[in-house]
Amino acid sequence: MADEMMTVGLGLRFEDTPVGMKFKTIGRTVTEADITMFVGVTGMVEVLFTNMEYLAEESLFAGKRLVPGALVYSFAEGLLMQTVVQGVGLSFLGMELNVEGPTFAGDTLHVECEVLESRPTKKVGRGIVKTRNRVINQRGECVMTYTPTRLVKGRDYSPKG
């Protein structure tokens with residue numbers, strides 16, 4: 001019986017993402033702990049992310065705790081993974097990324113996504129999906145825009161085919 005139960009939280013197949021489709025994710029607040037762990041794990045020990053005195057005296061942002069752009073991108077991908085990418089991705093093919101504005105500790109981010117391209121590949125059961133992802137903070141400001149292209153499973157996907 002358990003096999004008949006639907007699994008929720010799985011991603012969308014390329015056929016389910018028509019060009020022009022738009023959606024947004026839930027939000028997630030960036031904490032001081034998130035920044036500290038990310039900087040430690042990645043080795044991004046830039047003073048912009050690790051030294052509050054430097055931020056107070058030398059930065060453009062008057063002592064506010066900055067979030068690395070790589071962490072903003074990672075949060076956005078995580079939010080998308082929880083909604084439409086889970087279990088359907090086959091390959092990340094590339095992207096363009098622009099940081100539009102700063103993100104600070106305490107900001108709450110969500111992603112607004114628009115499908116720009118969705119088409120089958122020559123191999124049955126696979127498709128290319130390109131989206132424009134806008135990372136938006138709690139003030140409605142776009143802090144990052146990126147356009148990933150992914151190889152995604154289709155309804156007829158088979159790893160052998």
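Is Met37 buried or exposed? Met37 is exposed, with a relative accessible area of 54%, where buried means under 20%, exposed over 50% and partly exposed in between (1.4 Å probe, protein chains only). Welcome to a short tour of this predicted model, in which local features need pLDDT of at least 70, side-chain atom pairs count only at pLDDT 80 or more, and totals for chains, interfaces and linings use all residues. Residues are numbered from 1 along each chain as its sequence is written, and side-chain values use heavy atoms, with hydrogens and water left out.

**Overall layout**

- The chain holds 4 helices and 8 strands; helices (H or I, at least four residues) and strands (E, at least two) are DSSP runs, numbered from the N terminus.
- Read from the N terminus, the order of elements is β-β-α-α-α-α-β-β-β-β-β-β.
- The C-alpha trace spans about 60 × 35 × 30 Å along its principal axes.
- Of the 161 residues in the chain, 36% count as buried.
- Among contacts (heavy atoms within 4.5 Å) with a separation of 6 or more, 71% come from residues 24 or more positions apart.

**Helices H1 and H4**

- H1 (residues 32-42) packs against H4 (residues 69-85) at an angle of about 110°, and the two axes are 10 Å apart. Axes here are lines fitted to C-alpha atoms, for helices over the stretch in contact, and angles run from 0 to 180 degrees between N-to-C directions.
- H1 and H4 are therefore roughly perpendicular to each other; by the cut-offs used, angles under 35 degrees are roughly parallel, over 145 roughly antiparallel, 65 to 115 roughly perpendicular and the rest oblique.
- On the H1 side, Asp34, Ile35 and Phe38 meet Ala70, Leu71, Ser74 and Phe75 of H4.
- Sorted by class, this contact of H1 with H4 has 5 nonpolar, 1 polar and 1 charged residues. In this scheme Ala, Val, Leu, Ile, Met, Phe, Trp, Tyr, Cys and Pro are nonpolar, Asp, Glu, Lys and Arg are charged, and the others, Gly among them, are polar.
- Asp34 counts as buried, at 13% relative accessibility. Not counting residues up to four places away in sequence, Asp34 touches Arg28, Thr29, Leu71 and Phe75.
- Met37 also has its place in helix H1. The C-alpha atoms of Met37 and Gly89 are 52 residues apart along the chain and separated by 27 Å.
- Buried residues in H4 include Leu71, Val72, Phe75 and Glu77.
- Just after H4, Gly87 takes a positive phi of about 80°.

**Nonpolar cores**

- The largest nonpolar core has 23 residues, of which Val30, Leu71, Val72 and Val135 touch the most other members. A nonpolar core is a set of buried Ala, Val, Leu, Ile, Met, Phe, Trp, Tyr and Cys residues joined through side-chain atoms within 4.5 Å.
- H1, H4, S5 and strand S7 (142-146) are the elements that give two or more residues to this core, and H4 supplies the largest share, 8 residues.
- Leaving out residues up to four places away in sequence, Val30 touches Ile35, Val67, Leu71, Phe75, Ala105, Gly106, Asp107 and Leu109.
- A second, separate core of 5 residues includes Phe14, Val88, Val115 and Val129.

- Arg150 lies in strand S8 (residues 149-153) and is buried, with a relative accessible area of 11%.
- The side chains of Arg150 and Glu77 are joined by a polar contact of 2.8 Å. Such a contact is a pair of N or O atoms within 3.5 Å; within protein, one must be able to donate a hydrogen and the other to accept it, and residues adjacent in sequence count only if both atoms are side-chain atoms.
- Beyond its neighbours within four places in sequence, Arg150 has contacts that include Leu80, Val85, Phe92 and Asn133.
- Glu112 lies in strand S5 (residues 108-120) and is partly exposed, with a relative accessible area of 28%.
- The side chains of Glu112 and His110 make a polar contact (3.2 Å).
- Glu112 and Phe23 are 89 residues apart in sequence and 6.0 Å apart in space, C-alpha to C-alpha.

**A loop glycine**

- Gly63 sits in the loop between helix H3 (52-58) and H4.
- Not counting residues up to four places away in sequence, Gly63 touches Met52, Leu55 and Ala56.
- The C-alpha atoms of Gly63 and Glu141, 78 residues apart along the chain, are separated by 20 Å.
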